[in-house]
Amino acid sequence: MVQLIASDIDGTLLQGTHELSQVLFSEIRRLKRNGIVFCAASGRRYADLRRLFRPVADDIAYVCENGAIVYYQDQAIFRKGLPRETAEQIAAEIMSTPSCEVLISGESAAYILPKEKNFLSEIQPFISGTVLQTASLADIHEDMLKVSAYCREGSKTCAREFEQRWGQKVNVAISGECWLDFNTSDKGQGLSALCRVLEIPARDVMAFGDNYNDIPMMRWAGMPYLMKKGITPEQAGVKASVTERVEPVLQQL
């Protein structure tokens, strides 16, 4: 029995577009009427996700920042940030890497220390809510939930080097064409925390994803689905169904 449906956003619900479909919103409303919780699970921040899901923003749950913070009914019910020293070391390394910019996610705001003047305009399609430009990491006075590298040459280009350097200490995940995320949680842990609160077992959870940062969620959920144009079940190391879109699967429930 399906009690909760979690879905990644970029590459899964958004495939070459910047807006979610009205069909999806209709299905989320129908699911809610039938007692099924919908959860947006993404590397994006809470403010970004609420903007995307504006018509149903108060009707769903959110696993944000690749699992670093989870919201339900507009309350943060789970947090797992980076140790401060580790976060600052990763951020410094990103800033010293050519063609990379750093974005640091806190609960109240995102922070940038741009090397290029156009960095903020570059990331406007991905970021909403409060974004603060700061001159120093010491000026950030809240927990660092996640550190992200914006890789202008593509996240896959720099992923191996960062993985070799930091993979034993933190989770390093490709979360988009240009984004590489560093944190101590993952979507599987975030989804598990949500389901503990809601008392929903993993076997009753359906999850959709397309990329490597979705693998922990795919492995945790009892009914995983991967996008046809994303990573394969073999690459994910999980027995999963494959679909081109999320909405038709929801309509069949």
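Phe53 is buried, its relative accessible area being 0%, where buried denotes under 20% relative accessible area, exposed over 50% and partly exposed the range in between (1.4 Å probe, protein chains only). Phe38 also counts as buried, at 1% relative accessibility. The model is predicted: local features require pLDDT of at least 70 and side-chain atom pairs pLDDT 80 or more, whereas totals for chains, interfaces and linings use all residues. Residues are numbered from 1 along each chain as its sequence is written, and side-chain values use heavy atoms, with hydrogens and water left out.

Rings of Phe, Tyr and Trp (its six-membered ring) were paired if their centres lie within 6.5 Å, with planes under 30 degrees apart counted as stacked, over 60 as edge-to-face and the rest as tilted. This rule gives seven aromatic pairs. The ring centres of Phe38 and Phe53 are 6.0 Å apart and the planes meet at 45°, so this pair is tilted. Phe38 belongs to strand β2 (residues 37-41) and Phe53 to the loop between α2 (46-52) and β3 (61-64), so that the pair links distant parts of the chain, 15 residues apart; helices (H or I, at least four residues) and strands (E, at least two) are DSSP runs, numbered from the N terminus.

A further aromatic pair, Phe162 with Phe182, is edge-to-face, at 5.4 Å centre to centre and 80° between the planes. Because Phe162 lies in helix α5 (residues 155-166) and Phe182 in strand β11, this pair ties together parts 20 residues apart in sequence. Phe162 is buried at a relative accessible area of 3%, and Phe182 is buried at 0%. Ring pairs also join Tyr46, Tyr62 and Tyr71 into a cluster.

Strand β11 (residues 179-183) pairs with strand β10 (residues 171-174) in the antiparallel sense over four bridges, pairing requiring at least two DSSP bridges between the strands. The two strands are joined by a hairpin of four residues. Asn171 has Asn183 of β11 as its bridge partner.

Helix α6 (residues 187-198) comprises twelve residues and spans 16 Å from first to last C-alpha, close to the expected 16 Å, the expectation being 1.5 Å times one less than the number of residues. Asp186 caps the N-terminal end of α6, with a side-chain oxygen 2.9 Å from the backbone nitrogen of Gly188. The buried residues of α6 include Gly188, Leu191, Leu194 and Cys195. Glu199, which follows α6, has a positive phi near 60°.

How values were computed: Polar contact = N/O pair within 3.5 Å; in protein donor to acceptor, adjacent residues only side chain to side chain.
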